[in-house]
Amino acid sequence: MSILEVRKLTKQFGGLTALADISFQVKEGEIHGLIGPNGAGKSTLFKNIAGFYTPTKGEIIYQGKKIAGKPPHVIAKMGIVRTFQETTLFQEMTVFENVLVGCFAKSRINLFSSILGLDKQLQKIAREKVLEVLEFIGLSNRKNQLASELPLGSQRALAISIALASEPKLMLMDEPFAGMNMEETKHMMDLTRKVQESGITIVLVEHDMKAVMGLCHFLTVLNFGHLLAEGTPEEIRHNEQVIEAYLGGAK
Amino acid sequence: MELILQSIINGLIQGGFFALFAVGLVLIFGVMGVVNFAHGELVMVGAYTVWLLHAQNGIPFIPVILIAIILVTVIGLLMERFLFRPTCNDPLAGLICSIGILFILQVLATVVGGDGPSKQVPPPYQGTLILFDFLRVPYQRVFSFFVSAAGLGTLWYFLTRTKLGWALRAVALDREASALQGININRISMIAIGVGGALAGLAGALMAPLTNINPHMGHNVIITAFIVTIVGGVGSLSGAVIAAVIYALFHTFITVYFGGVIATICGLLLMVVVLIIKPTGIMGVRVSE
Amino acid sequence: MKIIIRLLKIIAVIIFLAGLIVLPHYLKFHYQDLLIFLTVNVLVVASYRIVTLTGEWSLIHAVMMGVGAYTAALLFKNFNLAIWFTLPLAGGMAGLIAALLSFPLFRMTQFYFLIGSFAAGEAIRLTWMQFIVPFGGSGGLSGIEPPMIGSIDFMDPIPYYYLALGVVSACLFILYRIEKSRIGLTLHAVHWKAPLAQSVGVDTWRYRALAFIIGSFFVGIAGALKIHYLGTITPNQFGIGFMVFILIWVIVGGYNTIFGPVIGVVVLTIFDESVRGFGELRPAIYGGVLIISILFLPLGLESIYTKFLTLCGIGGNSSDGPPP
Ligand SMILES: Nc1ncnc2c1ncn2[C@@H]1O[C@H](COP(=O)(O)OP(=O)(O)O)[C@@H](O)[C@H]1O
Ligand SMILES: [Mg+2]
């Protein structure tokens, strides 16, 4: 039932061990929270899973296949898509084009049909898909704006739209609520839940405890590159170690 | 055997020159992030100064070396202040500006020296040092070797033993972090290009009596500097010095046996191979992501 | 309003094309020559743009032009092939070499790519210099003739200009189509944010290599076009000097749209002619223009046009939606 399994994953940068012997599983269809103080190694873990880093040791198993060390685009094609901690968009393109890139990302390059315009059908399907995604996310009215002109909340939503357009099975979301006000956060939470309800498994890194506790079905807690605890939000809320290392300090 | 020994000596002397201009290029790139395409032309200006003042007007060699160093340093400082500083957010713009300077300096050289054949400077130091029966080194080369070694030694002392040198290396390692720590980036940039310019001027002045001087001599210099920089590791000064010596030996030997063009082709291929196998060079450290 | 603008645009294009066709008849021989080289250089910069579209600045483009030119020259001299065959084969050879080079070169990015491409190009160029057989060494090759079809002698500038104009227009059209296609869109994406593109499944290496191969293919054709007219070929025609000119044209013109580099090459060629009187000072004047345009017009000449449009309240990307 687990879509993703991380087995004894270790990542070192020179002498620094950013991740030490991490193991956990993500159940299909759930929102899985990944929390821990700054520098705990959450982003590094995402980069390992998404293929941006090669693990020093350990295995990452996705739908029964070992994926550690494969390049990012291959992993993306298998269905794992990562959103970035910093808001990352194609700033100079319109909202529509941003999402269109996501749609085309996996399709084969065919130079001749592109020059001769023989891929009309593909284009049409892609454009419809973009409109569908924008409708789903609620960005339809902004489709001709430049990405750089959007307010923060819409920029984050657009980042998710790009990811959705590439039809992922597993989304790794790195701090999607950072810097948002209450209203934007609430909107984003609804969106996250909507994505999950459409059948996509989500791993969520987030500092906003209210959001995490409200959204996640299961939590994994990291601290200084080590696995500190795991359990349901209820269990984590009452875990002594976690309170000491993290929750206590934050409150 | 004799040929080999002779080539090793020649290679070492050559390595001194290579190190002088390559280190400057590395310093400028490290601190400012600009690839100074006009670096070869700075060396050319140094050589022209010697030709004009020493060979044409009879001013003694040593003061002329100093004048060359000062002149090239000033050109470097002007480039920093008026070109690289305004474009510091766009490394490509800096590169393009340096190409503009390259053209201007070449034309200036043509205006000063005329368009005719390459110029020669008669060696100020005559005679030959006879080490063994079979090993002869002209005094001019001996002089050049020791002066370039002294120049590099001074640089090493400056970078490792003075506060300013330390700041310079800090900026080369991490520009933003250094700025946060209160290091004045503009001042350090000026020092970097000043030092780079001084070394290029020195290299040009020392090479003048040993090479053909013409407005386009910078081309070979910049190719060599690129090769040395890449092989040594971008941003690594000690790497550049080591690579300069290794490459000079490599180049000298291949030139002796196969000719200069083949030597340069091999050098370029060596560089491509290094780029593929270890893009950070022999002494470079890996920067992730 | 929109329709009028559209109509005006169409009329402008027609006048422009008609102008291009009648132009050589009103020029002296020297300028007819120049017009042919300008036409070829338009293809050079347009093909360079597709390489820069991925965000990598290559210094091997001039050498790739040389690969095409040498291929055409050798095919003509050794097998007496007609220009109809040498043109595509020249492009094909440049594309093939680019494909081989893309394995080592695209392991690098940015600074390393710049230097790596320079090194690879210099190595190729020095090979032409070193080997008299078959490349003719530094003296190069001569006696490459333009074709003769029926009674039309393409040695004449005017027919050759029409030939070049036809070939270059066709190539530009294809390049334009590529840029407007989904491949072009993805190339832009790789340029702006390679990691984001990767994270949704774009094989950035493949796209970089593809852009490089396409650009090399078309500049190879440009090389063959030039050499058939010029008749002689030397390694120095494709040295860093010419590469720098390509850079200058593209940067002075601007590289945000396909029109920028073309504007750049046209304007600077006219400028170059007008300073012909300065003789040996010309490169310095060029250098000065380069520096001034980088400092004061960093987005190139094309940005003047874009600014003009925004001033008039038409065009611009943001006019469709309300400002945030
Ligand atoms: N590319 C890298 N090179 C060296 N150290 C890194 C690199 N990326 C992350 N680290 C280190 O790994 C640790 C974990 O960082 P990160 O994964 O960003 O933490 P988090 O996202 O949990 O805040 C930090 O100590 C950070 O300095
Ligand atoms: Mg993080």
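Helix α1(A) gives the most to the shell around ligand 1, with three residues; a helix here is a DSSP run (H or I) of at least four residues, a strand a run (E) of at least two, both numbered from the N terminus. The model is predicted, so local features need pLDDT of at least 70 and side-chain atom pairs pLDDT 80 or more, while totals for chains, interfaces and linings use all residues. Residues are numbered from 1 along each chain, chains are lettered from A and ligands numbered from 1 in the order written, and side-chain values use heavy atoms, without hydrogens and water.

**Ligand 1**
- Ligand 1 lies between chains A and B, and a residue is near it if a heavy atom lies within 4 Å.
- Among the twelve residues around ligand 1, Gly39(A), Gly41(A), Lys42(A), Ser43(A) and Thr44(A) come nearest.
- An oxygen atom of ligand 1 is 2.8 Å from a polar backbone atom of Gly39(A), and one is 2.9 Å from a polar backbone atom of Gly41(A).

**Magnesium ion**
- Ser43(A), through OG, and Gln85(A), through OE1, coordinate the magnesium ion (ligand 2) at 2.1 to 2.4 Å; donors are N, O and S atoms within 2.8 Å of the metal (3.2 Å for Na, K and Ca), and water is not among the atoms, so sites may look incomplete.
- Ser43(A) is buried at 18% relative accessibility, while Gln85(A) is partly exposed at 28% (buried: under 20%; exposed: over 50%; partly exposed: in between; 1.4 Å probe, protein chains only).

Terms used. Polar contact = N/O pair within 3.5 Å; in protein donor to acceptor, adjacent residues only side chain to side chain.
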